[in-house]
Amino acid sequence: MISAEQIALLSGQFAAIVGAEYVQVSTANDAVDGCVVGLVVAPENADQVARVLKYAAEAGVAVVVRGGGTKLGWGNPPASADVLLETGRMAAVLEHAWGDMTVTVQAGCTIANMQRTLAEHGQRLALDPLWPERATVGGVLATNDTGALRVRYGALRDQVIGMTIALADGTVAKSGGKVVKNVAGYDLPKLMTGALGTLGVIVEANFRLYPLPQATRDLTLAVPDMQAANQALLAVNDSVLAPGAVQLRVGTGLPPQIDLRFEGLPAALDAQERQLGQMIGIAPQPSVSSIWQAREQVWLGTEPALVCKLSLLPSDIARFTTLLERLANLLRLDWHMVINALGVGMLRLVGANDEVLLAGIVQLRTDVASMQGSISILGCSPGIKRRIEVWGDVGDGLALMRRVKERFDPQRTLSPGRFVGRI
């Protein structure tokens, strides 16, 4: 942690940039994954963010960004976190070009507030991250958090058409544009998405939008076993059906269930439901919209546990689950998995202690690697984080990632240590 003398000096400099009332000495609640913070600074625009970062780099202090704080514990613990940069004052929907079906929004705006604004013109961002009432646009982009809507609408990177970023040297960089046909500059937004704030601070983002559906229908298939569940997922993926979202829920004491959401005209929904039942051979049952918060349920509980992000080939979901069940029986683990039809999801492991959980995740990573998949830890105890690389093995890509970090942030000002390989 920075000294009292440094805090006093930094406070004066930052106050000159953002205003004295927006510079605060940190409290225990401001710690970042166990790392004590010295100051909390809240800029109101891109220029102020850039000036704060420039001075921080010159002073040799580390900066971590906080939006809604919902995912501040993801990634490795920062090597240092002297200044916490809050985006809460940058929370506006700057421009909703509803005729072009695009939106420009500041990083501190919550997903829910943005969606409510877009809904006034019958539009939405086709995105379903965790905790949308608190999660901010910048935080969701930095963590690349998406849910079951990805099956229909693609990855988060595909929905970003432009971005404004403040870099560690005080530069404000803009890439992309406000219209969907503008393809220039996509690389920078894609680079920042999922980088956990280690390359720059996302200040604004431009997204492509979709119309709100006239009607939706949520259905659940109760399948007899995981082989049948995997076959059903693959059949849906390969069919002419067009569900807006598809997910599988399964776990200890929870038989596999597949949830689907269809969107469109009521008559079309009837036809899709009939085709689904005929194709799978199981009558789908009406469900409720709350099933799409199933990923949030993975995070609930007070027992020793770790939460992982899992990525598999869709054809390997049943195979992975078989290996997981065997491991759970051997180590006496409970588990709960929610995974979409593309093979991306979340897994909660519950065990007696850290040793058991570490043994479980090490073996699962070996199993997933044999399937050309990946598994990273999103939530666990401090003891586990000290003993394992939460991102897993990224192979040959690590050297390139280090060079990118060196290019964008040579002083290691931004979230040092949080990303892959403790970059």
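Student: In what sense do strand S8 and S9 pair, and over how many bridges?

Tutor: In general, the strands of a sheet pair through backbone hydrogen bonds, and they do so either parallel or antiparallel. In this predicted model, strand S8, residues 160-166, pairs with S9 in the antiparallel sense over 5 bridges, and Gly162 stands opposite Gly176 in S9.

Student: What is the order of the strands in the open sheet of 5 strands?

Tutor: The order is S5-S6-S10-S8-S9, with antiparallel pairing. Strand S5 (93-97) and strand S9 (172-176) stand at the edges and have a single partner strand each, so one side of each is left without a neighbour in the sheet. Direction ignored, neighbouring strands of this sheet are turned by 10° against each other on average.

Student: Which strands does helix H3 lie across?

Tutor: Helix H3, residues 111-119, lies across S5 and strand S6 (102-106), and its direction runs at about 35° to S5.

Student: How should I read the open sheet of 4 strands, and what is its order?

Tutor: Its order is S1-S2-S4-S3, and the pairing is mixed. The edges are held by strand S1 (23-25) and strand S3 (63-66), each with a single partner strand, so one side of each is left without a neighbour in the sheet. From one strand to the next, the twist averages 25°. S1 pairs with strand S2 (residues 39-41) in the antiparallel sense over 3 bridges, with Val25 opposite Leu39 in S2. Helix H1, residues 4-18, packs on the sheet and touches S1, S2 and strand S4 (83-86), while its direction makes about 5° with that of S2. Helix H2 (residues 46-59), for its part, lies across S2, S3 and S4, running at about 170° to S4.

Student: Which residues have the most contacts inside the largest nonpolar core?

Tutor: That core has 49 residues, and those with the most contacts inside it are Leu248, Ile258, Leu276, Phe320 and Leu347. If neighbours within four places in sequence are left aside, Phe320 is in contact with Leu310, Leu312, Met337, Leu347, Leu364, Val368 and Met371.

Student: What does the secondary structure of the protein chain come to, and why can the chain be called as compact as a globular protein of its length?

Tutor: The secondary structure comes to 13 helices and 19 strands. The radius of gyration is 22 Å, close to the 22 Å that the globule rule gives for 423 residues, so the protein chain is as compact as a globular protein of that length. Buried residues make up 54% of the 423 residues, and, among contacts with a separation of 6 or more, residues 24 or more positions apart account for 70%.

Notes:
Residues are numbered from 1 along each chain as its sequence is written. This is a predicted model: local features need pLDDT of at least 70, side-chain atom pairs count only at pLDDT 80 or more; totals for chains, interfaces and linings use all residues. Side-chain values use heavy atoms; hydrogens and water are left out. Two strands pair if DSSP finds at least two bridges between them. Helices (H or I, at least four residues) and strands (E, at least two) are DSSP runs, numbered from the N terminus. Axes are lines fitted to C-alpha atoms, for helices over the stretch in contact, and angles run from 0 to 180 degrees between N-to-C directions. Contact means heavy atoms within 4.5 Å. A nonpolar core is a set of buried Ala, Val, Leu, Ile, Met, Phe, Trp, Tyr and Cys residues joined through side-chain atoms within 4.5 Å. Buried means under 20% relative accessible area, exposed over 50%, partly exposed in between (1.4 Å probe, protein chains only). The radius of gyration is taken over C-alpha atoms; the globule rule is 2.2 Å times the number of residues to the power 0.38.
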